[in-house]
Amino acid sequence: MIGPHLLSIADLGHDGIVQVLNVAESFAEVEKRTMKKVPALKGKVIATMFFEESTRTRLSFETAAKRLSADVLSLSVATSSVKKGESLKDTLKTIEALGIDAVIIRHRSSGAPLQAARFLDDIHVVNAGDGWHEHPSQGLLDAFTVRQAWAAAAGVDPATTGSSLFQGKKIVIVGDIAHSRVARSEVLAYTALGAEVTLVAPATLLPPSVEGWGVTVAHRLDPVLADADLISVLRLQAERGSGECVPSLREFTETFGMTEARAERLKDGALITHPGPMVRGVEIASAVADDPRCLVTTQVHNGVAVRMAALYLLLTGGNAVLDHSEANRDA
Amino acid sequence: MHRYPLAKGTVVIRGGAVLTPAGLVDADVVIVDGLVTAVESNVTAPEGATVLDAEGCITGPGFVDLHTHLREPGKEQAETIASGARAAALGGYTAVVAMPNTSPCLDSAFVVRAVLDLGATTTTEVAVAGAITVGRAGEQLAPIAELAALGVQLFTDDGTGVQHGGVARRALDYCTGLGVTYAEHCEDLAIASGGVVHEGAWSAKLGLPGQPASAEEAMVARDLLLAGELGARIHLLHLSTVGSVELVRAAKAKGIAVTAEAAPHHFTLTDAEIASYDARFKVNPPLRPDEHVAAIIEGLCDGTIDAIATDHAPHTPETKDLPFDEAPPGMLGLETAFSLAYERLVEAAGMRVERLFDLLSTNPARIAELDAAGARPYGHTAHGARVAPGIPANLVVVDPSARWTVAGTALASLATNTPYEGRSMHGSVRHTILRGEPVVISGEAQR
Ligand SMILES: [Zn+2]
């Protein structure tokens, strides 16, 4: 049902997403123990290949793999000989020869992990972010984080809620959507789970078409704020605010930033997420970033459990026994 | 200096139909010492004649490609003039126009002469399109008159368009005085904004930078205005959008001396192909949605577009295995053009075979001035004329009922980057005759 690769949230569908979130809940439980390791992927070798450096995401994946007892090969290709124009295929064939079971790929080019999956035989490929395309594990951990928060508010166990807490929820994704892999993964996850998604950005930061996305589009943030259950604030890259896509960072903050004034107008119980790293004072005011309604540190924390769930399901099909007590004995 | 000798000996093409000035006629064709000598039924082949079976086939003027990237000099690992000429012959082409974006580019008499010399002995006649500006940099005019003296008829910076409107206007004006033709790769790079695919639903979904149709159309519009104002002749390369077709149709109605070409991939593939992120579908102008494909077909059928040109662009497998945004644009075209055009235009769109030969042979020969023997100092023979006694035997024999499957590794090009890998094709090129020499017999290159 899941796999062989995790290249896009679309690979999972509604049931696959819920399965990942549920398994992630049980790994989140493991994390609370003193012995955080489970033997689920003992003997498996997982490589991370980050053609574009992202220490946070790489550490999160590597921590997840280690907690599943997998051996981790960390190939820092971003700083090595792999430069623009060097064959992705050759680099991948080299690691294939190392006898790995899965490879986690971050690449500046959209589609590179999909190409990698074509070049490799019998190796699971996990997309850790490709160009403007997708960042599936981020989309999953964002969905996981908000489901947990909504379940806590409702006083229920999130693992029993399936996608019910998303039904009818109004989710606003605001900022640089055109160039955001997080936006594409969140849209696929949230719409699959039954939420109503509105994309808010100036036209220059919206994708040229949202045909088939199942979302509505707004060019102004203020009219959609008061109704929103969740505001997903995306990062604006500085160069896009210096005349390329918007006149200035100042104007962007004025019109689309999650300022303190806007945060005050959110309805009770509304949440804010941000995939990080935040540019405080641009897309999100510093005070809002530190507001308890903003889940950014929880997102980072949850990343490990969600990535454990994704790796576990991909590599075992969910069939390996998740015996936590055995893990403790192992210690 | 006539470098293109007619082949000695007698060839008889037996059976099938022949495209003559009077239309399609069931007949045999006799070729003696490189010239067609008879088009008549039930010819008795003289002793020693080569007899080519054309039962069920159509014999017509050999195809002429206005847009071939031969890669020599500079990228001989992807294609050489010889390998490209072999691919051309197998595709039914008796003449191709080599594009100037080689390395070094074709902006000097020295390099142009080298390419013409290398092309003089190949299995297709090689003409050259010269660069319009030095280094194809879009700034200083190339030595157009000097290249024209070598017989260069088309001038273009293909690979890119001339971005500066003032330079384009001056170049167009200068060409007019020499009787040569300015040809444009229409793409306003500022509007294209680094886009590697068509901007639309697919670019949005895949997170690939898109270039809008207006990037092409803006330059089409600019060039048509300039050509109209100057009374200049202009040829527009590989049109791919609804708007471009509309602009050219309107310009022709106003009497502007514009000709236009379209590539087979732009009337057979859509941008949905890029969903696989397979860079074999990366091409410039990019593949576009259905409505654009339909407009190209309409333009080809109604005469707005004058020629089918392959934009044959070989690239090595290594470069096509790069991430989509880094891979070079372009796809092979010479060996699949006829089949694609036959299936899409004749079988599916109901185009008459005569019109298809106009698009593949007669019109491009006229645009490149390869239609008259001796018009070129380099001695190219005449191409594109319907089959009749007296014409040089630059002929193709196509088999409309043949079926074959494309395999990149089986193509004569050194590169394998066909976007039609594994696709079943309708119609094939059976024989190609160059100046009386059967260079392709039964789909096999003879040298
Ligand atoms: Zn071009």
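Predicted model: local features only at pLDDT ≥ 70, side-chain atom pairs only at ≥ 80, totals over all residues.
Before the first slide, one definition: a residue is called buried when its relative accessible area is under 20%, exposed when it is over 50%, and partly exposed in between. By that cut-off, A:Glu52, at 25% relative accessibility, counts as partly exposed.

A:Glu52 forms a salt bridge with A:Arg181, with 3.0 Å between N and O. Where do A:Arg181 and A:Glu52 lie? A:Arg181 is in helix 6 of chain A, residues 181–192, while A:Glu52 is in the loop between strand 1 and helix 2 (55–67) of that chain, so the pair ties together parts that are 129 residues apart in sequence. Is A:Arg181 buried or exposed? Its relative accessible area is 16%, so A:Arg181 is buried.

I will show two others.

The next one joins the side chains of A:Arg280 and A:Asp290, again with 3.0 Å from N to O. A:Arg280 sits in the loop between strand 9 (271–273) and helix 10 (286–289) of chain A, and A:Asp290 in the loop between helix 10 and helix 11 (296–316) of chain A; the two are 10 residues apart. A:Arg280 has a relative accessible area of 40%, so it is partly exposed. A:Asp290, at 53%, counts as exposed.

Now over to chain B for the other one. B:Glu216 and B:Arg288 meet through their side chains in a salt bridge of 3.3 Å, N to O. B:Glu216 belongs to helix 7 of chain B, residues 213–230, and B:Arg288 to the loop between helix 9 (264–268) and helix 10 (290–302) of chain B, so this pair ties together parts 72 residues apart in sequence. Both B:Glu216 and B:Arg288 are buried. Salt bridges can also share partners: A:Glu52, A:Arg106 and A:Arg181 are joined into one network in this way.

Back to chain A, for its sheet. In what order do the strands of the open sheet of four run? The order is 2-1-3-4, with parallel pairing. Strand 2 (71–75) and strand 4 (124–130) of chain A are the edge strands, each pairing on one side only. From one strand to the next, the twist averages 15 degrees. To look at one pairing: strand 1 of chain A, residues 45–50, runs parallel to strand 2 of chain A and is joined to it by five bridges. A:Met49 has A:Leu75 in strand 2 of chain A as its bridge partner.

Next, helix 5 of chain A. How far apart are its end C-alpha atoms? They are 27 Å apart, and the 19 residues, 136–154, should span 27 Å at 1.5 Å a residue, so the two figures agree. Of those 19 residues, 14 are buried, so helix 5 of chain A is largely enclosed by the rest of the structure. Just after this helix, A:Gly155 takes a positive phi of about 70 degrees.

B:Asp158, at 1% relative accessibility, is buried, and so is B:His185, at 3%.

The strands around those loops pair as follows. Strand 11 and strand 12 of chain B run parallel, joined by two bridges, and B:Leu154 has B:Thr181 as its bridge partner in strand 12 of chain B. Together with helix 4 of chain B, these strands make a right-handed β-α-β unit. Strand 12 of chain B is also joined by three bridges to strand 15 of chain B, residues 234–236, in parallel; there, B:Glu184 stands opposite B:Leu236.

In a regular strand, side chains alternate between the two faces of the sheet. In strand 12 of chain B both faces are covered: B:Thr181 and B:Ala183 are buried on one side, and B:Tyr182 and B:Glu184 on the other.

Technical notes. Residues numbered from 1 in each chain as written. Chains lettered and ligands numbered in written order. Heavy atoms only, no water. Buried < 20%, exposed > 50% of the residue type's maximum accessible area, 1.4 Å probe, protein only. Pairing = 2+ DSSP bridges. Right-handed = clockwise from strand over helix to strand, strands pointing away. Axes fitted to C-alpha atoms, helices over the stretch in contact; angles between N-to-C directions. Salt bridge = Lys/Arg side-chain N within 4 Å of Asp/Glu carboxyl O. Expected span 1.5 Å × (residues − 1).
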